[in-house]
Structures are given as structure tokens and as C-alpha cells.
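Hi,

Here is the structure I said I'd pass on.

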Amino acid sequence: MRSEAIAANNPEAIIEGMIIMFVSVTRLHLKEKRKLPVFIWHTGKSFSQSRKAEGLLYSSFDKEGWDTYWTLTVWENKNSMKEYRNKGNHLKAMKVSRNIADELESINWEADNKPSWDECKERLHNKFGRK
């Protein structure tokens, strides 16, 4: 199941090849099924926060089975991503994630276009020695 959104506060979204963007990809694997409701609650709160985040150009969500969840966000710059990441509901979610997940992984890079999900997953898997 894949979900995509263009940031409401940036109607031009992404003009590929014209600007350098900051890409952030995360992967979370839940410890057990009973942790799912807590994860869903915090994901919803974080998504609401992201809709108002300054500098967010694009966001997408993907999952594998019931236990593995991915996010892909594209930002105007690294500082915009850090502003979102380090406050509010997302900060609370990051703190909770340590208790509900047994795998938390992320990778970031600069790009001049929005990467495909295949590229994102390959980069993250390579960083953590899978594939």
C-alpha cells in the first residue's frame, strides 16, 4: 500500500532537475502486532504536522506486510527536514518508536530529482548491508 502527497504549502511541488533537494527515507519494523495501534496513532499525528511543515516538497508512505513501514520525504533543504523532525508530534513519535520497533533505519542525500521507491529502498538496504 503506497500513499503519496504533495505538500499543500508548496503548490509548485518539485521542479525536477532545477534545484538541489534533500531526500530522507526511513524504515521501521514493528516488534509485534500489538504495537500497531500506537504506531498508527503517532503516524497520523506526524502526518498532520508534516502537512504544515515549511519546506516539504513531497511525501510518500509505503508498507511491507503489517510490520514494515517506509517514508520518503523530499525537502527544500536539510534545515527544513530537521525543523520538522525535531519538534512536535514527530519528535514524540521518534521517542515512542524506540519502544515499538526492533529496527529503525534512515538514509538522507541531496538530489536534483525525486527518487523512485526502488532507488530509495536500494540505497537504504545497501547502507545497512542487505542486498
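**What I found**

The average pLDDT of the chain (the predictor's confidence in each residue, from 0 to 100) is 90, and 85% of the residues score at least 70. This is a predicted model, so I took local features only at pLDDT of at least 70 and side-chain atom pairs only at pLDDT 80 or more, while totals for chains, interfaces and linings use all residues. Residues are numbered from 1 along each chain as its sequence is written, and side-chain values use heavy atoms, with hydrogens and water left out.

One stretch to treat with care is residues 8-15, where pLDDT stays under 50. The model has 17 contacts beyond four places in sequence for that stretch, a contact being heavy atoms within 4.5 Å. Where pLDDT is low, the predicted coordinates should not be read in detail.

**Overall layout**

There are four helices and five strands in the chain. Along the sequence the order reads β-β-α-β-β-α-α-β-α. Of the 131 residues, 42% count as buried; the cut-offs are under 20% relative accessible area for buried, over 50% for exposed, and partly exposed in between, with a 1.4 Å probe and protein chains only. If you take the contacts between residues at least 6 apart in sequence, 76% of them join residues at least 24 apart.

**Strand 2 and its partners**

Strand 2 (residues 21-30) is mostly covered, with nine of its ten residues buried. Which strands does strand 2 pair with in the antiparallel sense? One is strand 5 (residues 101-111), over ten bridges, and another is strand 4, over eight bridges. Pairing here requires DSSP to find at least two bridges between the strands. To find your way around, Leu30 has Ala101 as its bridge partner in strand 5, and Phe22 stands opposite Trp75 in strand 4.

**Salt bridges**

Side chains of opposite charge can pair when their charged atoms come close. The structure holds eight salt bridges, each defined as a side-chain nitrogen of Lys or Arg within 4 Å of a carboxyl oxygen of Asp or Glu. Three of them I looked at individually:

- Glu103 and Arg27 form a salt bridge with their closest N and O atoms 2.5 Å apart. Glu103 lies in strand 5 and Arg27 in strand 2, so this pair ties together parts that are 76 residues apart in sequence. Arg27 is buried at a relative accessible area of 10%, whereas Glu103 is partly exposed at 29%.
- Lys121 and Glu64 meet at 3.3 Å, N to O. This pair also links distant parts of the chain, with Lys121 in helix 4 (residues 117-127) and Glu64 in strand 3, 57 residues apart. Lys121 is buried at 14%, and Glu64 is partly exposed at 33%.
- Glu119 and Arg123 have their closest N and O atoms 3.0 Å apart. The two are four residues apart in helix 4, which means about one helical turn separates them. Glu119 is partly exposed at 29%, and so is Arg123, at 33%.

Arg27 and Glu103 also belong to a network of salt bridges that includes Glu105 and Arg130.

Asp67 sits in the loop between strand 3 (56-64) and strand 4 (68-75). What is the nearest side chain of opposite charge to Asp67, which is buried yet has no salt bridge? That would be Arg27, 7.2 Å away; Lys and Arg count as positive here and Asp and Glu as negative, with His and the chain ends not counted. Asp67 does make a polar contact of 2.9 Å with the side chain of His29. A polar contact is a pair of N or O atoms within 3.5 Å; within protein, one must be able to donate a hydrogen and the other to accept it, and residues adjacent in sequence count only if both atoms are side-chain atoms. Setting aside neighbours within four places in sequence, Asp67 touches Leu28, His29 and Leu30.

Ser97, in helix 3 (residues 88-100), counts as buried because its relative accessibility is 10%. Leaving out neighbours within four places in sequence, Ser97 is in contact with Leu28 and Leu104.

Cheers
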